[in-house]
Amino acid sequence: MLFERLLHRTSRTAFALLSKRDYSGGRLKGKNVLITGASSGIGEACAREFAKEGSNLILAARRLERLENLKKELKQQYGNIDIHTVALDVSKKQYIDCAVIPLKEKIDVLVNNAGLVIGVDHLADVSEEAFDTMMDTNVKGLVFLTQAILPGMKARQTGHIINLGSVAGKQSYPGGSIYCASKHAVDAISRALLYELVNTPIRVSQICPGLVNTEFSTVRFRGDKEKADNVYKGVEPLVGQDIAELITFTASRPPHVNICDMLVFPTQQADARTVHRREQ
Ligand code: NDP
Ligand code: 8X3
C-alpha cells in the first residue's frame, strides 16, 4: 500500500515536471513577434503560444475586433508583455505600405500565416476573383509583408521569417489548382529566401501542415459548415495549437539552428489525398 502510494506520488511529480518542460530555453522572452492572420486558427494559437513564452506580440488581420478581444484576454493572463493589434488586409499592397506596424524596425520573428483557400472548383471553372484573392493573399501578401519587415532585420542582423506553407505546396490535387499553386509559390519563395539570406544570421523556415481543423475549410466552402466538417470526418485532425507549438519550437532554436522545412500531418494522413478515416 505504502509502495503504491509512493509510486503514485512519484509518477505525479514526474508528470508535473514533464508538463512544465521548457523546450524554448527562455529564448523567446522579450522578442517582438509579428503574426499575420492572428484572428483565427493557427495564427491565434501562435499568439497564445508566443505569449506563454513571454514574447511581445504584434497581431495583424482584417477582423480587428477579434484581435482586440484576444489582446484583452492575453493581457489579463500575461500582464508583462506588450501586445499591439493592426487591422491589415495583406492582399492590398497599399494597405501594407501605409499600415502603421508597431516596432516594424524591430521585429524578431515574422510569422507569415495569413492565408486562405476559396472553393474546390476544377481549373476550368475557377473565377478570376477567387484566383486573385488566393494569389493576392497567400503569395503577394506574404511577399509584400516580408519586404516591409526584412530591411529592419538586415539592419539589426537578426530575425526569423516563418512562412505557413502546406502539403498543398508539395503536392497538387484536383479542386485545388490555384491554392496549390499559391502554396507551391510559398515553397519556392521560402527556399529562394533561404539562399539569399544564407550569409546573414536571419533564418527562414517553412511549416507545411496537412489537415488542421480551423476556420480554413469553412472559408473554403464559403460558410457551409456541414461541408467544412466533412473534411475532418472520421479522422482526428491537427488543431491550431499543434502547429503553433511547432512554430514556437522552430523560433526558439539556438541561433545556429534553422529548421528549414517541416511537413506535419495528423497520424492518419500520409499525403494530401491519403487519409485513413474510421467507419462512421
Ligand atoms: P483560418 O481561416 O482559421 O485563419 C486564417 C487567418 O488568415 C485568419 O486570421 C484571417 O483573418 C487571415 N486572413 C485571411 N485573409 C487575410 C487578408 N487578406 N489579410 C489579413 N489576414 C487575412 O485558417 P488557418 O489558421 O488554418 O490558416 C492559417 C494558414 O495556414 C494559412 O496560410 C493556410 O493556408 C495555412 N494552412 C492551413 C491548413 C489547414 O488545414 N487549416 C493546412 C496547411 C496550411 P481575417 O479574416 O480576420 O483577416
Ligand atoms: C491546407 C491543406 O489539404 O486542404 O493547406 O490543401 S489542404
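**Contacts and ring pairs**

Tutor: A polar side-chain atom of Ser166 lies 2.5 Å from an oxygen atom of ligand 2. This is a predicted model, where local features need pLDDT of at least 70, side-chain atom pairs count only at pLDDT 80 or more, and totals for chains, interfaces and linings use all residues; side-chain values use heavy atoms, without hydrogens and water. Residues are numbered from 1 along each chain as its sequence is written, while chains are lettered from A and ligands numbered from 1 in the order in which they are written.

Student: What makes the Ser166 pair a polar contact?

Tutor: A polar contact is a pair of N or O atoms within 3.5 Å; the Ser166 distance is 2.5 Å, so the pair qualifies. Tyr173 also places a polar side-chain atom 2.5 Å from an oxygen of ligand 2, and for Tyr179 the distance is 2.6 Å.

Student: Happy with that! Why is the pair of Tyr23 and Phe249 called tilted?

Tutor: Rings of Phe, Tyr and Trp (its six-membered ring) pair with centres within 6.5 Å; planes under 30 degrees apart are stacked, over 60 edge-to-face, the rest tilted. Here the centres are 5.8 Å apart and the planes at 55°, so the pair is tilted.

Student: How do you know that Tyr23 is partly exposed?

Tutor: Its relative accessible area is 24%.

Conventions. Buried < 20%, exposed > 50% of the residue type's maximum accessible area, 1.4 Å probe, protein only. Polar contact = N/O pair within 3.5 Å; in protein donor to acceptor, adjacent residues only side chain to side chain.
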